[in-house]
Amino acid sequence: MIRYLLLGLLTALSLYGSTHIVILGDPHLPGKNPQMKEQVLEHINQWNDVDMVVAVGDLCSKTGTEEEYAYVKAYFSKLIKPLHVITGNHDFIYADELDSNGKFQHAPREIQDEKLKRFQTLFRLPKLYYSIEKENYLLLFLSANNPTHLAELSQEELTWFEHELISHPQTPTIVFFHAPLDNTLENYNHWANTPNFVAQPKDKIQILIHNNPQLFLWVSGHTHTSAKEPSFASAINHVEHVTNIHNADMNKEVIWTNSLFLYDNHVTIKTYNHTEEKWLNTLERTIFVPRF
């Protein structure tokens, strides 16, 4: 009984979180349903308590052309909340032109680097990966920048990631990255948990997780996991002490966003249906900061 009263109190308090972060999963701009995507920004702009918005990669719809980036710039210019972004595979990996079968093809490395620079310049980022200390939390923004897999960290970025964790051993840490951790979804389709659809290099990331109990949340997109999919929010989302927060893409007829409400000793996750304009109470979760 006490447990339910506590959870009820936390639910009530979540409406007044001192730090409210809205997550945009894979915008894929312009993509499908552009009017609905515009409405998502209108909703977020109307929420007075939003501290920041995070887009977790694949801001571009297909191949990261100059035209797509121009649309991305115009779209996010309408957002009045602070925006933080990271790259996904569609932002830099592919050549502008599809192959003879209409399939994506990897661009030469110099073209990929140009697109990464385009992303960095558009959002005025000193680096594609960066950290922010917010309240008593460390927020790490990691960009996919190694094309060996669709969502992989370069060795340089991996070294930086490890250094940030070592430098903040007593700070509760949240990571934002395009792809989820391995085996944090059910195998509900043919690509779930395959090498190109989990964060890489997965073995090295697993070692960092094991060695850093302060890292307790991993926020991802990439898999286009619908809020209707049972493993969107379930027990399988856990890897040791880390909970993976999956985010649906914005190319569906129904667009959902997750919101993270940060408190001193816990984070509440709430999911909003922008089509029906309502919070989904059944998906609300509270993750307590681990003791370490």
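A: On the face of α6 turned away from its buried side sit the exposed residues D203, I207, H210 and N211; exposed means over 50% relative accessible area, buried under 20%, and partly exposed in between, with a 1.4 Å probe and protein chains only. This is a predicted model, in which local features need pLDDT of at least 70 and side-chain atom pairs count only at pLDDT 80 or more, while totals for chains, interfaces and linings use all residues. Residues are numbered from 1 along each chain as its sequence is written, and side-chain values use heavy atoms, with hydrogens and water left out.

Helix α6 spans residues 202–211, and its buried residues include I205, L208 and I209. These lie on the same side of α6 because they cover an arc of only 100° around the axis, the arc being that of the directions from the helix axis to the C-beta atoms. An α-helix has 3.6 residues a turn, so residues three or four places apart point the same way.

The buried residues of α6 pack against α5, β7, β8 and β9 (242–246), where contact means heavy atoms within 4.5 Å. Helices (H or I, at least four residues) and strands (E, at least two) are DSSP runs, numbered from the N terminus.

The strands β7, β9 and β8 belong to an open sheet of six strands with mixed pairing, in the order β4-β5-β6-β7-β9-β8; two strands pair if DSSP finds at least two bridges between them. The edge strands, each pairing on one side only, are β4 (130–134) and β8 (238–239).
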